[in-house]
Amino acid sequence: MRTCRASAAGKLTVVLATIVVLAGCGGGPSPRAWAASVCGALTPWRSEINKLTSSTDEQMTAQTTPAQAKENLVRLFDGAEQASEAARRKVEKAGVPEAENGEAISAGFRSSLGKMRDAYGRARDTIDGLGTGEPTVFYDGVRAAVETLNKEYDASALDTSKLNSEELKQAFDEVPECR
């Protein structure tokens, strides 16, 4: 069964490499400083999401009771929600890059992480609301919650089609925090 896909966390990394904006003015951090802050926020988030995804996969195949699975899955999705919010706050703290469209780019990252956070929260709440008396019904509900999570996660991806600049792309390619 496919769960909250570690590849989704990788999608945000790919976005980082494709975002490119022209330098502008505004008094915010330089593109390199901003890229370093953003990657510094996303690297531990990606690790946590990958770890939680692996744990969720294990939980779905483990021989546990529905009540145990429910407790574990609720805890895992709560952790993913918290990790996503922590990353969103760190990106917010990074400020607005001193680049053309810097505000839109920063807002896009924050919005994307906020949508991911909310998707995990909804999955947690859905699973928390499932009864455990009928195992088949419970696991069908879990599968449906995870399918919805995957769709919401995919829909939360940052649209970079209007954000092009060699300077910011170069910053993400060069700063050590993004490697």
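Here are some notes on the fold, the helix packing and the core of this predicted model.

1. Overall make-up. Of its 179 residues, 45% are buried. Looking at contacts between residues at least 6 apart in sequence, 85% join residues at least 24 apart.

2. α3 against α4. A pair of packed helices is described by the angle between the axes and the distance between them. For α3 (residues 66-94) and α4 (residues 102-128), the axes come within 8 Å and the crossing angle is roughly 165°. With the cut-off for roughly antiparallel set at over 145 degrees, that is why α3 counts as roughly antiparallel to α4. The two cross in a left-handed sense. Sorted by class, the residues in this contact are 12 nonpolar, three polar and 10 charged.

3. α2 against α4. Here the angle is about 15°, and the axes of α2 (residues 31-61) and α4 lie 13 Å apart. Angles under 35 degrees count as roughly parallel, and α2 and α4 are therefore roughly parallel to each other. This crossing, too, is left-handed. From α2, the contact takes in Trp34, Val38, Leu42, Trp45 and Ile49. From α4 come Ile105, Ser106, Phe109, Leu113, Met116 and Tyr120. By class, that gives 10 nonpolar residues, one polar and no charged.

4. The α3 contact includes 10 charged residues, whereas the α2 contact has no charged ones.

5. The core. Which residues touch the most other members of the largest nonpolar core? They are Trp34, Trp45, Phe77, Phe109, Ile127 and Val142, out of 42 residues in that core. Two or more residues each come from α2, α3, α4, α5 (135-155) and α6 (166-174). The largest share, 11 residues, is supplied by α2. As background, nonpolar side chains tend to be buried together in soluble globular proteins.

6. Trp34 and Trp45 are on the α2 side of the contact with α4, and Phe109 is on the α4 side. Trp34, Trp45 and Phe109 are also among the residues that touch the most other members of the largest nonpolar core.

Technical notes: Residues are numbered from 1 along each chain as its sequence is written. This is a predicted model: local features need pLDDT of at least 70, side-chain atom pairs count only at pLDDT 80 or more; totals for chains, interfaces and linings use all residues. Side-chain values use heavy atoms; hydrogens and water are left out. Axes are lines fitted to C-alpha atoms, for helices over the stretch in contact, and angles run from 0 to 180 degrees between N-to-C directions. Helices (H or I, at least four residues) and strands (E, at least two) are DSSP runs, numbered from the N terminus. Angles under 35 degrees count as roughly parallel, over 145 as roughly antiparallel, 65 to 115 as roughly perpendicular and the rest as oblique. A crossing is left-handed if the near helix is turned anticlockwise from the far one by less than a right angle, and right-handed if clockwise. Ala, Val, Leu, Ile, Met, Phe, Trp, Tyr, Cys and Pro count as nonpolar, Asp, Glu, Lys and Arg as charged, and the others, Gly among them, as polar. Contact means heavy atoms within 4.5 Å. A nonpolar core is a set of buried Ala, Val, Leu, Ile, Met, Phe, Trp, Tyr and Cys residues joined through side-chain atoms within 4.5 Å. Buried means under 20% relative accessible area, exposed over 50%, partly exposed in between (1.4 Å probe, protein chains only).
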